Amino acid sequence: MDSRKKVAFYTLGCKLNFSETSTIARSFADEGFDRVDFSETADIYVINTCSVTENADKRFKSIVKQAQKVNPKAFVAAVGCYAQLKPQELADVEGVDLVLGATEKFKITDYLNDLSKNDFGEVHSCEIEEADFYVGSYSIGDRTRAFLKVQDGCDYKCTYCTIPLARGISRSDTMQNVLQNAREISAQNIKEIVLTGVNIGDYGKGEFGNKTHEHTFLDLVTELDKVAGIERLRISSIEPNLLKNETIDLVSKSRAFVPHFHIPLQSGSNAILKKMKRRYMRELYVDRVSKIKEVMPHACIGVDVIVGFPGETDAHFLETYNFLNELDISYLHVFTYSERDNTEAVAMEGVVPMNVRNKRSKMLRGLSVKKRRAFYESQLGATRTVLFESENKEGYIHGFTENYVKVKAPWNPELVNTLHDVTLTKIDADGLVRFEFAGVLSN
């Protein structure tokens, strides 16, 4: 009989959470645990929580239920952002045995002396001021790409956001560690690394556990570009005020960095940006987009935007809509504003009714579809490099060009995790792009 203990993980939220789950999973492997799928019987279920959307809170309860259904005797631990912000609330959920905050989650195996079910959830949640050390992590999403965490926490005080409360001050991994992690990833034949963090443009701050800045984000991308074996590097999301011209120029001439930027905007109205305490005005955003398009006309630019922030009138919303409509961007990630405890925005006047928030969200999602289609059309006839994914989706293989055009072809296992030059030919009925091979590039 197999006496090794089994552990299963469920991750809610952002790419950063996925990379941290991987790190936590490796610490379990070091302790002699076997990892199984969350739907299978395990001795321990670890749920990495998120606090960014209202929905994540509700989903947590149903995930705990799911685990208990499979094994009522299992030990259930909650870690992550929501566990840091509202530890008691999670501990009160029936079936939860352990709640670990921001610093404890990486030492989870230390808390598991006894795997018997607790009568009530035990909470270990430090004051967030203590979250000042940095745990580097990366996760391998599939065989094709990995998410490499380079920075954690945030010093910004945006009025809608709980992340500084949940993750603490801005701090960075050392350059040496990041490069070492990148080399480890490339040694596993993974073709693409996505750089993640809470505010990665702030990289360098807190690299040595204090505020001294030896390196900057520009230094980081410059050095990563030199790491042999990595075919592609992608910057996940970077604040417009921290995306400097030098970084854009570096990406445009780079060996491995791809022409794809994801830049949070949040609102196209300066009045709302001020209420959000964002660190730029819309004019700076236009400037960033123009600079990218000037040096990389084919670059893909994604935008985060929040609708229904307190005080957002129809006029403010139309300002955002028209601003985005006229801007040369490629797609939107639309978030409907949701009230979070302990944020400044909760107490603000001018609450936007939910049905209005939903309508605005729908309008911007429609705009996103239009923008993506226009961007894809602009790429037809071009020759790009595609990295093929590992999943067979209803008889098709999917992949992404360097500038984030999603393509499809009939399933062929030999293409998995390979790069090929292709010529983009037409947009299929489902909105994905068809292509012809332009000659083999590399395996």
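Modeller: The questions below concern helix packing in this predicted model.

Biologist: At what angle do α6 and α7 pack, and which residues make the contact?

Modeller: Helix α6 covers residues 175-187 and helix α7 covers residues 217-224, and their axes lie 11 Å apart at an angle of about 30°. The crossing of α6 past α7 is right-handed. The contact is made by Met175, Val178, Leu179 and Ala182 of α6, together with Asp219, Leu220, Glu223 and Leu224 of α7.

Biologist: How many residues of each class are in the contact of α6 with α7?

Modeller: Two of the residues are Asp219 and Glu223, both from α7, and Asp and Glu count as charged. By class, the contact holds no polar residues, two charged and six nonpolar.

Biologist: How are α7 and α8 oriented to each other, roughly parallel or roughly antiparallel?

Modeller: Helix α8 spans residues 245-253, and its axis is 9 Å from that of α7, at an angle of about 10°. Angles under 35 degrees count as roughly parallel. Therefore α7 and α8 are roughly parallel.

Biologist: Which residues of α8 does α7 meet?

Modeller: The contact of α7 with α8 divides into four nonpolar, two polar and one charged residue. From α7 come Phe217, Leu218, Val221 and Thr222, and they meet Glu246, Thr247 and Leu250 of α8.

Biologist: Which residues of α10 are buried, and what covers them?

Modeller: Helix α10 runs over residues 282-295 and reaches 21 Å from its first C-alpha to its last, close to the 20 Å expected. Its buried residues are Tyr285, Arg288, Val289, Lys291, Ile292 and Lys293. What covers them includes α8, β13, β14, α11 and α12.

Terms used: Residues numbered from 1 in each chain as written. Predicted model: local features only at pLDDT ≥ 70, side-chain atom pairs only at ≥ 80, totals over all residues. Heavy atoms only, no water. Axes fitted to C-alpha atoms, helices over the stretch in contact; angles between N-to-C directions. Helix = DSSP H or I, 4+ residues; strand = E, 2+ residues; numbered from the N terminus. Left-handed = near helix turned anticlockwise from the far one by under 90°. Contact = heavy atoms within 4.5 Å. Parallel < 35°, antiparallel > 145°, perpendicular 65-115°, else oblique. Expected span 1.5 Å × (residues − 1). Buried < 20%, exposed > 50% of the residue type's maximum accessible area, 1.4 Å probe, protein only.
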